[in-house]
Amino acid sequence: VGAPGWLQVVIYSLPFVTDAWLEGHEYAFDVCEGWGAPNYVLYTFSWLFRNFGDGCAIYWNWVQVYGVFYVLCFHYLRPFVSFAQRKVPTRMKTPVWGAASFGCSMMIGLLMGLFHYPNN
């Protein structure tokens, strides 16, 4: 769209900072909460947005924090990445090292997911 990085971060942070428009200051757009929707609509939204018995909200406020973090990283980690690329030896810039680092990154993500979101 052409907006500067700092403006994109501010715009993406607004729904998280101003949570007065959310239901219970946590979620929004809950179709399954009792609007009298037909069963096929309730089934579809429960399937798409994970109904745990109390509703199937489309937007959760806590997810916005992760989105703000990703937008920040997208715009402001590039100088660090370019600095690290200059410091990495040429012998480590091969497809094998790329696959190994990708595998390690996926393992870190898996372990963090297991740690942060344990299954009851």
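Hi everyone, let me start at Tyr 117, which sits in the segment after α5, the helix that spans 95-116. Please keep in mind that this is a predicted model. Is Tyr 117 buried, exposed or something in between? Its relative accessibility is 45%, so Tyr 117 counts as partly exposed.

I begin there because Tyr 117 belongs to a nonpolar patch on the surface. Two helices, α1 (5-17) and α3 (61-76), each supply at least two of the patch residues.

Staying on α3, have a look at Gln 64, which is found in that helix. With a relative accessibility of 9%, Gln 64 counts as buried, since the cut-off for that label is under 20%. What does Gln 64 touch, once we set aside residues up to four places away in sequence? The list is Tyr 12, Pro 15, Phe 16 and Tyr 59.

Now over to strand β1, residues 27-30, where we find Asp 30. Asp 30 has 2% relative accessibility and therefore counts as buried. What lies 2.8 Å from a polar atom of the Asp 30 side chain? It is the backbone nitrogen of Cys 56.

Phe 29 is in strand β1 too. Phe 29 is not a glycine, and yet its phi is positive, at about 60°.

Next comes the loop between β1 and α2, which holds Ala 37. Ala 37 has a relative accessible area of 21%, so it is partly exposed. Leaving out residues up to four places away in sequence, Ala 37 touches Val 31 and Leu 42. For a sense of span, take Ala 37 and Val 96: they are 59 residues apart in sequence, and their C-alpha atoms are 53 Å apart in space.

Leu 42 itself lies in helix α2, residues 39-48. At 26% relative accessibility, Leu 42 is another residue that counts as partly exposed. Leu 42 and Tyr 59 are 17 residues apart in sequence, with a C-alpha to C-alpha distance of 16 Å.

Last topic, the cysteines. A disulfide is a covalent bond between the sulfur atoms of two cysteines. How many disulfides does a search of the whole structure find? The count is 0. Take Cys 73, which is in no disulfide: the nearest cysteine sulfur is that of Cys 104, 19 Å away. Cys 73 has a relative accessible area of 22%, so it is partly exposed. Cys 104 is in no disulfide either, and its nearest cysteine sulfur is that of Cys 73, at 19 Å. Cys 104 counts as partly exposed because its relative accessibility is 48%.

How values were computed:
Residues are numbered from 1 along each chain as its sequence is written. This is a predicted model: local features need pLDDT of at least 70, side-chain atom pairs count only at pLDDT 80 or more; totals for chains, interfaces and linings use all residues. Side-chain values use heavy atoms; hydrogens and water are left out. Patches are made of residues with over 30% relative accessible area and no salt bridge: like charges are joined within 9 Å, nonpolar side chains (Val, Leu, Ile, Met, Phe, Trp, Tyr) within 5 Å. Accessible areas come from the Shrake-Rupley method with a 1.4 Å probe; for residues, only the protein chains shown count as cover. A salt bridge is a side-chain nitrogen of Lys or Arg within 4 Å of a carboxyl oxygen of Asp or Glu. Helices (H or I, at least four residues) and strands (E, at least two) are DSSP runs, numbered from the N terminus. Buried means under 20% relative accessible area, exposed over 50%, partly exposed in between (1.4 Å probe, protein chains only). A polar contact is a pair of N or O atoms within 3.5 Å; within protein, one must be able to donate a hydrogen and the other to accept it, and residues adjacent in sequence count only if both atoms are side-chain atoms. A disulfide is a pair of cysteine sulfur atoms within 2.5 Å. Contact means heavy atoms within 4.5 Å.
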